[in-house]
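Trainee: I would like to learn how to read a model like this one. Can we go through it feature by feature?

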Amino acid sequence: MSWSPSAEHDTVLIISFGGQYAHMISRRVRDLGVYSEVVPYAAVSQSTVEELRPRAIILSGGPSSVYEPGAPAIGDWVLKLGLPVLGICYGHQLLAEMTGGRVERGQGEYGRTRVTVDGPDPLFDGWGREEDVWMSHSDYVASVGPGVKVLATSKDTGYIAAMKAGDKIYGVQFHPEVRHTEKGVKLIANFLFKVAKVRPTWSVEGLAEKLVEQVRSQIPREDKAIVAVSGGVDSTTAAVIAKRALGDRAVVVFINHGLLREGEAEEVLSALKSLGLNPIYIDASDRFLRALKGVTDPEQKRLVVGKVFAEVFKEVATSDSSIRWLVQGTTYPDVIESGAEAGADRIKSHHNVGGLPRDLGLRVIEPLRYLYKDEVRRLALSLGIPESIAMRHPFPGPGLAVRVIGEVTEEKLRIARRASMIVEEELRRAGLYNSVWQAFAVVGDDKWVGVKGDRRAFGYIVTVRVVESEDGMTADWARLPYDLLQRIASRITSEVPEVVMVTYAVTTKPPSTIEPV
Ligand SMILES: Nc1ncnc2c1ncn2[C@@H]1O[C@H](COP(=O)(O)OP(=O)(O)OP(=O)(O)O)[C@@H](O)[C@H]1O
Ligand SMILES: O=c1[nH]c(=O)c2[nH+]cn([C@@H]3O[C@H](COP(=O)(O)O)[C@@H](O)[C@H]3O)c2[nH]1
Ligand SMILES: NC(=O)CC[C@H](N)C(=O)O
Ligand SMILES: [Mg+2]
């Protein structure tokens, strides 16, 4: 993969010390028009710097404590590059230690915290003398090294909230990337434009042509590529790009695995056709449902779906010997996660997230590998992809198999389908569909005794899950209006006869995940 946006745009290198902080920082930087890449601390070296040629470095937060043996760290060559550096939370503590200060366990500050800014500094331009910021730490910088200046302190604890070493190295104990830090974006912008003086040239509009050219130049004229499309925004956008690059040499494939939502196969087919994608439609419902029979274990279900997907694609690939490539809609967080978090606990096998199995014998091209989902959505709109696809909620590759708890049966699929349709419809009607990340209904094997029309009814429990999220990695349940919840519940119990009880899922991620399986 030769071309990367960092070759053309002033780039900020974000060194990740774990968790989701780094992507959130990266998204804020990109929203300010500056291209950024996230590299896990363990993978960062001077050659990363030579490759990316960053104009500034940001050190993210992370769950560890700098004074623990074996805590994540980075060589002090980072400070010798002469580049502006901003450390956030863990990154701030690390910088404090690297510049001769001391970090200790303190009393902890969590959530909204008031800080006092001690004097004018370019980093705090536009800040008042006192501001509310968002903190989440239990360690604190107890003392700073020689020549390091304290710029701000917490009002209640007196802890160091911001410091500066030299004229370009900053640390902040709070999280400017979190929305609750009211002037957080301002601070990041100050760092980028006033301290680092980078140029904001990054935007996805205008990127389409470049990506089309990339795909065209990578695939030899006599070769064809499979483009697996689900109708989701990522794969559809990748397919439109591939189609423009390859014309008829793009073999677009849409599989119905029998785990799609109500009316989805028809809708996706007609949307793909109107985009000129002319998909090969494979109805493999029976095959998937047969393979899933009797399977109750969550991971096992995912494995089965992944395996059958691979079989079907293999058959398509072997049907034409000039098919040598696979175009995928893999996005930036997928790339980072699949490469980086080695040693991390496997929560779920997101088979289809990174796409189809690599052993298909096809070479993989991922035109969206540098983009976040909201950037893909904007790119999609710039390519003329209709809003109904561009703004569509993510829908997992294994489909309703992960929204049915326990064995996947025709009955439970029907319930999940009808109930999910009601949830989506009511959200759209309330004008809330685009403001939530995902909204769906889940069914398992538990039942509840009910009374319908004066008769005893013993029926299924449906759980409604509606979440807000920026990237699916963390999520909060949506505070929907009670009357909307009421409408959803009564429609489900009256329109889906097998259901007697509707519950609303009010657990964040973590500790829950978004999908039940
Ligand atoms: N029904 C399907 N037919 C063909 N390919 C599929 C199907 N479902 C998933 N895939 C493949 O698996 C990949 C991953 O699916 P995933 O749901 O993560 O992405 P998406 O559907 O493109 O976008 P979104 O996350 O918005 O739903 C897709 O990009 C596509 O290549
Ligand atoms: O393409 C996908 N294949 C999968 O196997 C899969 N499992 C979960 N998801 C989506 O990922 C996000 C996070 O989901 P979880 O909190 O359930 O892990 C949410 O947006 C989920 O919908 C998947 N997407
Ligand atoms: N959010 C963070 O980066 C936390 C850093 C460190 N573990 C602390 O608790 O202080
Ligand atoms: Mg999808």
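Mentor: Start with Glu177, which sits in the loop between β9 (169-172) and α5 (184-195). Helices (H or I, at least four residues) and strands (E, at least two) are DSSP runs, numbered from the N terminus. Some ground rules follow. Residues count from 1 along each chain as its sequence is written, while chains are lettered from A and ligands numbered from 1 in the order in which they are written. The model is predicted, so local features need pLDDT of at least 70 and side-chain atom pairs count only at pLDDT 80 or more, while totals for chains, interfaces and linings use all residues.

Trainee: Is Glu177 buried or exposed?

Mentor: Count C-beta atoms, placed from the backbone: 20 or more others within 10 Å means buried, 12 or fewer exposed, and in between partly exposed. Glu177 is buried because it has 26 C-beta neighbours inside 10 Å.

Trainee: Which residues does Glu177 touch?

Mentor: A contact means that two C-beta atoms, placed from the backbone, lie within 7 Å. Leaving out residues up to four places away in sequence, Glu177 touches Tyr21, Met24, Ile25, Arg28, Gly184 and Ile188.

Trainee: Which residues does the UniProt annotation "active site" cover?

Mentor: Read such records with care: positions are given in the numbering used here, feature names are shortened, and annotations may be inferred rather than shown by experiment. In the unreviewed UniProt entry, "active site" covers Cys89, His175 and Glu177. They are spread over 89 residues of sequence, yet they cluster in space, with a largest C-alpha distance of 11.0 Å.

Trainee: Where does Cys89 lie?

Mentor: Cys89 is in the loop between β4 (85-88) and α4 (90-98). It counts as buried because 25 other C-beta atoms lie within 10 Å. Beyond its neighbours within four places in sequence, Cys89 contacts Gly61, His137, Gln173 and His175.

Trainee: Which residues surround ligand 3?

Mentor: A residue joins the shell if its C-beta atom, placed from the backbone, lies within 6 Å of the molecule. For ligand 3 the shell is Gly61, Gly62, Pro63, Ser64, Ser65, Cys89, Tyr90, Ser136, His137, Ser138 and Asp139. Strand β6 (residues 130-143) gives the most, four residues. To sort by class, take Ala, Val, Leu, Ile, Met, Phe, Trp, Tyr, Cys and Pro as nonpolar, Asp, Glu, Lys and Arg as charged, and the others, Gly among them, as polar. This shell has three nonpolar, seven polar and one charged residues.

Trainee: How many residues surround ligand 1?

Mentor: Ligand 1 has 20 residues around it, the closest being Ala228, Ser230, Gly232, Asp234 and Ser235. Two or more residues each come from α7 (233-246) and β11 (250-256). By class, ten are nonpolar, nine polar and one charged.

Trainee: Which domains make up the protein chain?

Mentor: Domain bounds come from an automatic or database domain assignment. Here they give domain 1 (9-195), domain 2 (207-390) and domain 3 (409-504). The centres of domain 1 and domain 2, taken over C-alpha atoms, are 37 Å apart. Their contact takes six residues from domain 1 and four residues from domain 2. On the domain 1 side, α1 (21-31) and β2 (35-40) each give two or more residues. The largest share, three residues, comes from α1.
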